[in-house]
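Subject: Structure for you to look at

Hello,

Here is the structure I promised to pass on. My notes follow below it.

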Amino acid sequence: MAFRHKHILGIEQLSKEDIGFILDTADSFKEINTRDIKKVPTLRGKTIINLFFEASTRTRTSFEIAGKRLSADTINITASSSSVVKGETLEDTARNIEAMHPDIIVMRHSASGAPHYLADRLDCSIINAGDGAHEHPTQALLDMLTIRQHKGSLEGLKVAIIGDITHSRVARSDIYGLTRMGAEVRLAGPGTMIPPGIERLGAKVYADMREAIKGADVVMMLRIQLERQGKTLLPTLREYAKFYGLNPRNLTLAAPDALVMHPGPVNRGVELSSYVADGGQSVILDQVENGVAVRMAALYLVLGGEQGDNA
Amino acid sequence: MAQNTTVILDQAGINRALTRIAHEILERNKGVRDVVLVGIRTGGDDLAAVLRERIADIEGEKIPLGILDITLYRDDLSARSDRVVGKTKIPFPLDDKHVVLIDDVLYTGRTIRAAMDSLMDLGRPSSIQLAVLVDRGHRELPIRPDFVGRNVPTSREEDIRVHFDEDNRPVEVILAKK
């Protein structure tokens, strides 16, 4: 088995074997993050540019730590400090950055497909750190790694994803990944937040959240993106919390050892009650920890090549 | 293309070689005080487990055993993505220990360089000694083993393979002509 992808643009392009290979690699990288000296020389001399056109703290930090732990030089460029605010096009920005000879560009953009656009035009590897409402592949990979660590395997698990499916690139990547790995994915959320035809990706849609989480092995709550949809899709947050929030009472419908997950940051009291977010079934901080290992694996694998035989 | 293979060490030969190496390690270190074994994945880790048993048989004490994966320390980044990076498991401090690094075949020396770099990142051993089952020559770095099961002069067109059984115990060493 080898990982032969130059870019990681989405989970959709990855096979079951690819996903398994990335998760196995990330699993090994976890050990580095517990050492006194959290650094290996693997990507010494390589340059990684984190090109973030959208605000992000945890994903950008996670990628930055991952790059540094592999000894790469990491540079962050955010939209507010880039020439985008001066009217430069995406392609011009990227070409200027490419002239500095990076090995990998990690990119977040509000437009779906922006990383694919660059991947077609630039020579370096591109890793998608979230494009519009399309995909967020490393988030799905860290979700799958977290589930696998706690459950042993993804095969046959019932995973409920609750919330704003329409605007969630995390949900889309998770649906691709989890169904490909043999899990059953259930979706629930307000009708205004369920995109028509999402069943075609292999997920089951439930109108009632309680039906979706009944017997589930994993309950994944999505963040209500208050900054994106405003009030047009939701009557009130209080009503949303009542019908689609996870609290100790409805969590009892899930399997007794069900994992509670959230891609963060949590709107406490809206999609998750604090009691559940901080409770024994929550693996939210494991997700954050696994994020660094998964991003180390992604950075490492996109620069891969042929097997040598020097012993 | 068909390959010509020769068995250069059978199971009995391997056992004799490992017993001798065990005695030499004890002799060199005047016992097992502050001695730890670290096997290089893959092959060296299984040999290290056998050597540990052999030392315990002689000295009556099981010394600490660690496993090192050197993939992330290789100097050829392009040569590593077919195998999943293995886990390094060294559940004891290396500071002030005499580390006996164990590998199955010593060839260019680049694996050992990577292993020493990795060990230095994990602690500050008093000394690092090197034990190998087979030294096949063709060194590209100034590295010499302290304990050798068998010296086998080879050409670069030949391969040395150590075969293990399902219990991860070494059963034979093969010289294969490409």
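Three salt bridges are counted between domain 1 and domain 2 of chain A. Please keep in mind that this is a predicted model. In one salt bridge, the side chains of A:Arg148 and A:Asp24 meet at 2.9 Å, N to O. Between the two domains of chain A, 16 residue pairs are in polar contact.

The domain assignment gives 7-135 + 289-303 as domain 1 of chain A and 137-285 as domain 2. Their centres are 25 Å apart, taken over C-alpha atoms. About 2,500 Å² is buried between them, and carbon and sulfur atoms give 59% of that. In domain 1, A:Ile11, A:Lys16 and A:Leu23 lose the most area to domain 2. Together they make up 24% of what that side buries.

Now chain B. Five strands form an open, parallel sheet there, in the order E3-E2-E4-E5-E6. E3 (65-68) and E6 (147-151) of chain B each have a single partner strand, so one side of each has no neighbour in the sheet. Neighbouring strands are turned by 25 degrees against each other on average, direction ignored. E2 (35-40) and E4 (98-106) of chain B are joined by five bridges. B:Val36 has B:Val99 as its bridge partner in E4(B).

Two helices lie across this sheet. H2 (44-59) of chain B lies across E2, E3, E4 and E5, at about 150 degrees to E2(B).

Best wishes

Definitions and conventions
Residues are numbered from 1 along each chain as its sequence is written. Chains are lettered from A and ligands numbered from 1 in the order in which they are written. This is a predicted model: local features need pLDDT of at least 70, side-chain atom pairs count only at pLDDT 80 or more; totals for chains, interfaces and linings use all residues. Side-chain values use heavy atoms; hydrogens and water are left out. Two strands pair if DSSP finds at least two bridges between them. Helices (H or I, at least four residues) and strands (E, at least two) are DSSP runs, numbered from the N terminus. Axes are lines fitted to C-alpha atoms, for helices over the stretch in contact, and angles run from 0 to 180 degrees between N-to-C directions. Contact means heavy atoms within 4.5 Å. Domain bounds come from an automatic or database domain assignment. Buried area is the accessible area (1.4 Å probe) that two parts lose on being put together, summed over both. A salt bridge is a side-chain nitrogen of Lys or Arg within 4 Å of a carboxyl oxygen of Asp or Glu. A polar contact is a pair of N or O atoms within 3.5 Å; within protein, one must be able to donate a hydrogen and the other to accept it, and residues adjacent in sequence count only if both atoms are side-chain atoms.
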